[in-house]
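Dear colleague,

I am handing over the structure below, together with some notes on what was found in it. Please keep it open beside this message as you read.

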Amino acid sequence: MFFTKHRQLIRWIIIIASFAIISLILWNTYVFFQKFKAEERRKMQTWSYAQSDFLNSFRNGLDGEVNNVTTFIITDSTSTTPMILVSPKGEISSFNNLDTLGIKNVDAFLRKSQLQFEEENHPIALSYYNNKTNSDESLGMLYYGNSPLLNKLKYYPLALLLIIVLFGAVVYFFYRSSKIATQNKLWSGMAKETAHQIGTPLSSLIGWTEILKGENTNPEYIKEIEKDISRLQTITERFSKIGSLPTLNKVDIVAETKDAYDYLKTRSSRLINFDITLPDHPIYVNLNTQLYGWTIENLVKNAIDAMKGKGDLHVSITQLEQSVKITVTDSGKGISKNEFSTIFEPGYTTKKRGWGLGLSLVKRIVEDFHNGRIKVLHSEKGKGTTMQISLKTI
C-alpha cells in the first residue's frame, strides 16, 4: 500500500540515488587516474635521476662504473612506459618501450611520438653538477607517454557509462514491454467484457424483432432493424476476437471493402462526397472479415471527423505483383509529419471526446493479425490525409 501510494516519490529517490552512485564511481575513477598518473611521473623522475647518474659517470672519467641501484632502475624490465631521450643538441639518443618493428622511417616515427608524449606529459630535464663550473649542465630531455595500463584506465569511465546506459536501456525496454503487455491484457479483457455485455440486449432485440414481424409492422422497418442487429452481432464478434488470435480465410478484399464502404456511406452525412475506385476483378488475401471491416470503418470515421462532417472522401484499391494497397483519402485538416507515427500510439487523439484507441487498434489488426503494414502515405495541413494499408495477396 505504501509503495503504491508513494510510487512517484520512490521512483525519484531511485533515480537520484543511481545518479549519485554513478557520479561517485566516476569521481573515484578520476581521482585514481590522477594518482596513478602522478605515481608514473615519480617513476620517470627516478629513472631520469638514474640516467643522469649513468651519463655523468662517463663525463667524470669513471669509465662507466655506476652503482647497482642506478643499473637496476635503468634496466628494469617491468617498466612499460614508452620514453624517448633527446640530447642537448636535439638528437634522439635512445628510446624504450616503443615498437618500431616494420616501420620504414623510424626517425619520423620517433619525432611524432616525441610530440605526442609532450602533449600527454610535461618532459623531464636531465642534468648533472659540474664541479669545475659549480653549475648544473643539461644532459638532455626525457619525453614519456602514458603506459598501456594508464591508457586503458583512461577509457574505463566511458566503458562504465556505456554499461550503465545499456543496462538502463534494458530496464527501460523491459518496463515498457511489461507495461504494453499489461495494457494489451486490460484491453483484451475490456473487449471480451464489452462483447459479453452487448450479447444480452442483442438477444432481447432479436426476440422483439420476431414479435414485430407478427404485428403487421412495415417490412421496411423490420429490414432496417435486422440490418442494425446484424451490425451489432458483427461488433460483438469483433470485440470477442481482440483478445485472441483471429482465424484468417481466403477472401476477396475487393468485395469486403465494397461492403464496408456501402454500409458506411448509407449511414454517414450527405455532405460527404463518397467516391470509390475498385478493380474489376477479385483480389484474394488471407483476411478476417469482421476485423477488416472494423479497420475500414475506423479509417473512414476518422476521415469524416477530420473533415468535420463535410468534404470529399475517396477509397481505392491498387493491386501490385505480390501485394494490394488500400487507400483512404480525405480533404480534412491534415496532420504534420512529426505526428505520422504518433497517431498510431494508444491514447493519442485530437478530439475533445476520444479515447485514442481507434488507430492503435487498426495498427494492431493490420500488422499483428494480418502481417500487413499501415502508414500515413501523405498529409498536408488544411488539405487532407491519405492512409494506406498494404496486405500480401495469395
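Predicted model: local features only at pLDDT ≥ 70, side-chain atom pairs only at ≥ 80, totals over all residues.

If its neighbours within four places in sequence are left aside, Val 315 is in contact with Thr 257, Tyr 261, Asp 275, Ile 276, Thr 277, Thr 327 and Val 328. The C-alpha atom of Val 315 is separated by 6.4 Å from that of Thr 329, a residue 14 places away along the chain.

Val 376 lies in S10 and is buried, with a relative accessible area of 9%. Not counting residues up to four places away in sequence, Val 376 touches Ile 335, Phe 340, Ile 343, Phe 344, Thr 385, Thr 386 and Met 387. One of these, Phe 340, is 36 residues away along the chain, yet its C-alpha atom and that of Val 376 are separated by 6.0 Å.

Which residues have the most contacts inside the largest nonpolar core? This core has 35 residues, and the ones in question are Ile 253, Leu 299, Leu 313, Val 324, Ile 326 and Leu 391. Helix H9 (residues 289-306) gives the most to this core, with 6 residues. To take Ile 326 as an example, and again not counting residues up to four places away in sequence, this residue touches Ile 253, Tyr 292, Ile 296, Ser 316, Ile 317, Met 387, Gln 388, Ile 389 and Leu 391. There is also a second, separate core of 10 residues, which includes Leu 85, Leu 126, Leu 142 and Tyr 144. As background, nonpolar side chains tend to be buried together in soluble globular proteins.

The next point concerns a pair of helices. The axes of H9 and H10 come within 9 Å and cross at roughly 145°, and H9 passes H10 in a left-handed crossing. On the side of H9 the contact is made by Leu 291, Trp 294, Thr 295, Asn 298, Leu 299 and Asn 302, while H10 contributes Gly 358, Leu 359, Leu 361, Val 362, Ile 365, Val 366 and Phe 369. Sorted by class, this contact has 9 nonpolar, 4 polar and no charged residues.

Most residues other than glycine have a negative phi. Asn 97, however, has a positive phi of about 55° although it is not a glycine, and Asn 371 has a positive phi of about 60°, again without being a glycine. Asn 97 lies in the loop between strand S2 (92-96) and helix H4 (106-120) and is partly exposed, with a relative accessible area of 41%. Asn 371 lies in the loop between H10 and S10 and is exposed, with a relative accessible area of 59%.

Finally, some figures for the chain as a whole. The protein chain has 10 helices and 11 strands, and of its 394 residues 32% count as buried. Among contacts between residues at least 6 apart in sequence, 67% join residues at least 24 apart.

With kind regards

Key
Residues numbered from 1 in each chain as written. Heavy atoms only, no water. Core = buried A, V, L, I, M, F, W, Y, C linked by side-chain atoms within 4.5 Å. Buried < 20%, exposed > 50% of the residue type's maximum accessible area, 1.4 Å probe, protein only. Helix = DSSP H or I, 4+ residues; strand = E, 2+ residues; numbered from the N terminus. Contact = heavy atoms within 4.5 Å. Axes fitted to C-alpha atoms, helices over the stretch in contact; angles between N-to-C directions. Left-handed = near helix turned anticlockwise from the far one by under 90°. Nonpolar A, V, L, I, M, F, W, Y, C, P; charged D, E, K, R; others polar.
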